[in-house]
Structure formats: structure tokens, C-alpha cells
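Visitor: I am new to this structure and would like to learn how to read it. Could you take me through a few features, giving the general idea before the particular case?

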Amino acid sequence: MYFIPVILGSIRRNRESAKVAQFAFDWLRQLDRVRTELLDLKELDLPMMEERLRFRKDGPASVVEFSAKINQADSIVIVSPEYSGGYPGVLKNALDYLKSEYQRKPFGIITVSAVETGGILCLNGLRQVVLHLGGVPIPASLMVARVQESFDTEGNPTDPKFTLNARKFFDELMWFTEALSARRSAKTTAT
Ligand SMILES: Cc1cc2nc3c(=O)[nH]c(=O)nc-3n(C[C@H](O)[C@H](O)[C@H](O)COP(=O)(O)O)c2cc1C
């Protein structure tokens with residue numbers, strides 16, 4: 001089984017990204033050989049980072065829990081809204097706590113926007129951050145434009161093209177998950 005948690009990077013009141021995270025969670029839950037979990041930053045409620053977890057002996061329990069989940073993960077999905085041309089501070093705060101937990105793990109990034117652009121600036125920014133942390137952002141992207149209209153009341157996408165894009169995105173994520181998991185478990189070292 002591959003463990004692929006979904007990080008929900010919006011804690012805003014009435015956040016639209018929750019629908020998208022639920023969609024990603026439901027998709028992953030239906031895949032064979034995948035176990036998933038929604039890591040909702042609103043519920044985790046991590047404190048503002050005073051120091052990275054590895055340099056603390058008194059790591060807050062919520063951060064220790066977050067670290068354990070990411071450590072177990074074979075790959076990670078992030079669902080993030082675009083805020084002010086980038087990613088939300090609460091997401092960066094969470095990501096900054098950890099490092100070794102991300103090493104050589106694929107990241108599938110799903111961005112959410114209220115307008116037509118789909119959160120492309122957030123996607124580009126997050127890819128940089130993930131690379132810096134030692135993760136591997138997959139080349140495929142899944143962007144949700146005009147999120148208010150993109151899902152019906154039951155949480156299904158209103159545009160069939162989005163479902164096709166989602167299939168490609170998750171197929172790619174699984175390819176990278178399988179490929180990199182195999183190499184990580186072969187315990188190779190960087191040259
Ligand atoms: C502080 C803030 C900044 C925002 N900046 C952008 C932006 O730069 N680009 C964009 O497409 N949407 C922007 N939005 C709108 C979000 O895309 C919109 O709220 C959308 O519903 C996804 O975020 P949510 O999960 O918080 O609802 C911004 C929203 C907030 C609250």
C-alpha cells in the first residue's frame with residue numbers, strides 16, 4: 001500500500017479549497033494500493049514556527065503528528081489556494097517545520113483560484129519551495145479555476161474536462177509514487 005496524504009492549505013472561513021481537497025481525497029481513496037488521509041491545517045492548528053522541528057526537543061504535539069504523517073508518506077498531495085500571487089502563509093508555516101520527511105518524495109500540487117488563472121502563480125511558487133525542501137514536484141498539474149462554479153452540491157466537477165485532467169494528474173502521481181518509492185526502498189545514496 002502507498003500512503004498519500006492530502007494537505008489542505010487553506011484555513012480561511014468558508015474556504016472553497018475544502019471541496020477540492022475532498023475531491024482529491026475521494027479520488028485517492030478509490031485507488032487500489034493507496035491509503036490516504038486529509039491533513040487539514042485548520043484542524044492540525046500548528047503554531048507559528050519558532051524553530052524547525054529537528055532543532056527542537058520540545059516540538060509541539062501537532063507538529064510531531066504532522067511530521068509522523070509526512071514521514072510515512074510515499075508521496076504527498078497539496079491542495080492550495082492562490083493568495084496574493086503565491087501560496088498561503090499557513091501552508092508555508094507548516095512546510096517549513098520539516099525537511100528530511102520530504103526527501104525524494106513526489107508532490108502533486110493542486111491549485112485553487114476564484115478566477116480564470118487557476119492559481120498558476122501559486123503552483124510555480126510551491127514547486128520552488130518543494131524543490132528546496134528536497135521533494136519532487138511532479139510535472140503534471142491540476143488547476144481549479146473559478147472554484148465557486150467548478151463543483152456541484154455533491155462535490156462532483158461540473159466540467160467533464162476537469163475529470164479528464166484529474167485522471168491524467170493522478171496517473172502521473174502514481175507513476176512517480178511507484179518509481180520513487182522503489183528507488184527509496186533500494187536505499188541508494190546521492191552521488
Ligand atoms: C488573502 C487572499 C488573497 C487572494 N489572492 C488571490 C490571488 O492572488 N489570485 C487568485 O486567483 N485568487 C486570489 N484569492 C482568491 C482565492 O483564490 C479564493 O478565495 C478561492 O476561493 C480559493 O481560496 P479559499 O480556499 O480560501 O476559498 C485570494 C483570496 C484571499 C483570501
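Visitor: Which residues is valine 79 in contact with, leaving aside its neighbours within four places in sequence?

Guide: This is a predicted model, and in it valine 79 is in contact with Val6, Ile7, Leu8, Gly9, Ser17, Val20, Ala21, Ala24, Ile110 and Val112. Valine 79 also stands opposite isoleucine 110 in β4, and the strands β3 and β4 pair in the parallel sense over six bridges.

Visitor: How many residues does the largest nonpolar core have?

Guide: In soluble globular proteins, nonpolar side chains tend to be buried together. Here the largest nonpolar core has 40 residues, and among those with the most contacts inside it are Val6, Val20, Val79 and Ile110.

Visitor: Which residues of β4 are buried on one side, and which on the other?

Guide: In a regular strand the side chains alternate between the two faces of the sheet. In β4, Pro106, Gly108, Ile110 and Val112 are buried on one side, while Phe107, Ile109 and Thr111 are buried on the other. Seven of the seven residues of this strand, residues 106-112, are buried, so β4 is largely enclosed by the rest of the structure.

Visitor: Which residues of helix α4 are buried?

Guide: In α4, which spans residues 89-96, Val90, Leu91, Ala94 and Leu95 are buried. They lie on the same side of α4, because they cover an arc of only 135° around the axis. These buried residues pack against α2 (41-44), α3 (61-72), β3 (76-81) and α5 (120-132).

How values were computed
Residues are numbered from 1 along each chain as its sequence is written. This is a predicted model: local features need pLDDT of at least 70, side-chain atom pairs count only at pLDDT 80 or more; totals for chains, interfaces and linings use all residues. A nonpolar core is a set of buried Ala, Val, Leu, Ile, Met, Phe, Trp, Tyr and Cys residues joined through C-beta atoms within 7 Å. A residue is buried if 20 or more other C-beta atoms lie within 10 Å of its own, exposed if 12 or fewer, and partly exposed in between; C-beta atoms are placed from the backbone. Two residues are in contact if their C-beta atoms, placed from the backbone, lie within 7 Å. Helices (H or I, at least four residues) and strands (E, at least two) are DSSP runs, numbered from the N terminus. The arc is that of the directions from the helix axis to the C-beta atoms. Two strands pair if DSSP finds at least two bridges between them.
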